[in-house]
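Please read these notes with the model open.

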Amino acid sequence: IGGYAFELELREGKTAWRTSRAFEVEESGPPQGREYEQMLEALSYIAENPEVEAMRNKSAAEQGAAWDAFWRRRDPTPDTPRNEYQIEFFRRLRYADQHFLGFGPGWRSDMGRAYIRYGPPDQIEQRQPTASQPGLEVWYYNQPYRRLVFSDREGFGRFTLLNPQGE
């Protein structure tokens, strides 16, 4: 799932022809094996624990059906071929992985988890570090109102959530 470019080059002697096309993959079917377990961790950001545990307890043969049922329940427009909620989830997951630092994938960071769960904040306030205070980033959401405060305690751009009750 994501954006890709297909490039083709044909060489004949000293002559070369090249073309490329961009395309998006919006759905690739259910993950399998380790990837399935990893995706359940990410799904826990948007799903209830019993729902994720039920999917975790499925046999390999049942996982594909559980995956499809999970997304079918969240499809805002079930009469269309696209599941906009699923597409948006994977867009947020990719964005979090690419933009937020952590000790692992960006989607596992506090900022990544918040971004996946709530989407892009309506407003961001950045406070530069001082001698007595680490750098802060405050995310504001308007509907419903949320204020998430992240701190860069180490000074390396790894922000941790200070007010978990804001979630």
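The points below take these topics in turn.

1. Basis. This is a predicted model, in which local features need pLDDT of at least 70 and side-chain atom pairs count only at pLDDT 80 or more, while totals for chains, interfaces and linings use all residues. Residues are numbered from 1 along each chain as its sequence is written, and side-chain values use heavy atoms, with hydrogens and water left out.

2. Aromatic pairs. Rings of Phe, Tyr and Trp (its six-membered ring) pair if their centres lie within 6.5 Å; planes under 30 degrees apart are stacked, over 60 edge-to-face, the rest tilted. The count is 15 aromatic pairs. One of them joins Phe89 and Phe90, edge-to-face, at 5.2 Å centre to centre with 80 degrees between the planes. Phe89 is buried at 3% relative accessible area. Phe90 is also buried, at 9%. Here buried means under 20% relative accessible area, exposed over 50%, and partly exposed in between (1.4 Å probe, protein chains only).

3. A second pair. Tyr95 is partly exposed, at 31% relative accessibility. Phe100 is buried, at 11%.

4. Ring cluster. Which residues do ring pairs link into a cluster? They are Trp67, Phe70, Trp71, Tyr85, Phe89 and Phe90. Phe70 has a charge over its face: Arg74 lies 3.8 Å from the ring centre. The rule asks for NZ of Lys or CZ of Arg within 6 Å of the ring centre and within 35 degrees of the ring normal.

5. Gly119. This residue sits in the loop between α5 (110-118) and β3 (123-127). Helices (H or I, at least four residues) and strands (E, at least two) are DSSP runs, numbered from the N terminus. Gly119 is buried, at 0% relative accessible area. Beyond neighbours within four places in sequence, Gly119 contacts Arg92, Ala114 and Tyr141 (heavy atoms within 4.5 Å). Its C-alpha atom is 9.9 Å from that of Leu93, 26 residues apart along the chain.

6. Surface patch. Tyr4, Phe6, Leu8 and Phe23 form a nonpolar patch with about 420 Å² of accessible area together. Areas come from the Shrake-Rupley method with a 1.4 Å probe; for residues, only the protein chains shown count as cover. Patch residues have over 30% relative accessible area and no salt bridge; nonpolar side chains (Val, Leu, Ile, Met, Phe, Trp, Tyr) are joined within 5 Å, like charges within 9 Å. A salt bridge is a side-chain nitrogen of Lys or Arg within 4 Å of a carboxyl oxygen of Asp or Glu. Strand β1 (residues 2-12) gives the largest share of the patch, 3 residues. Phe6 lies in strand β1.
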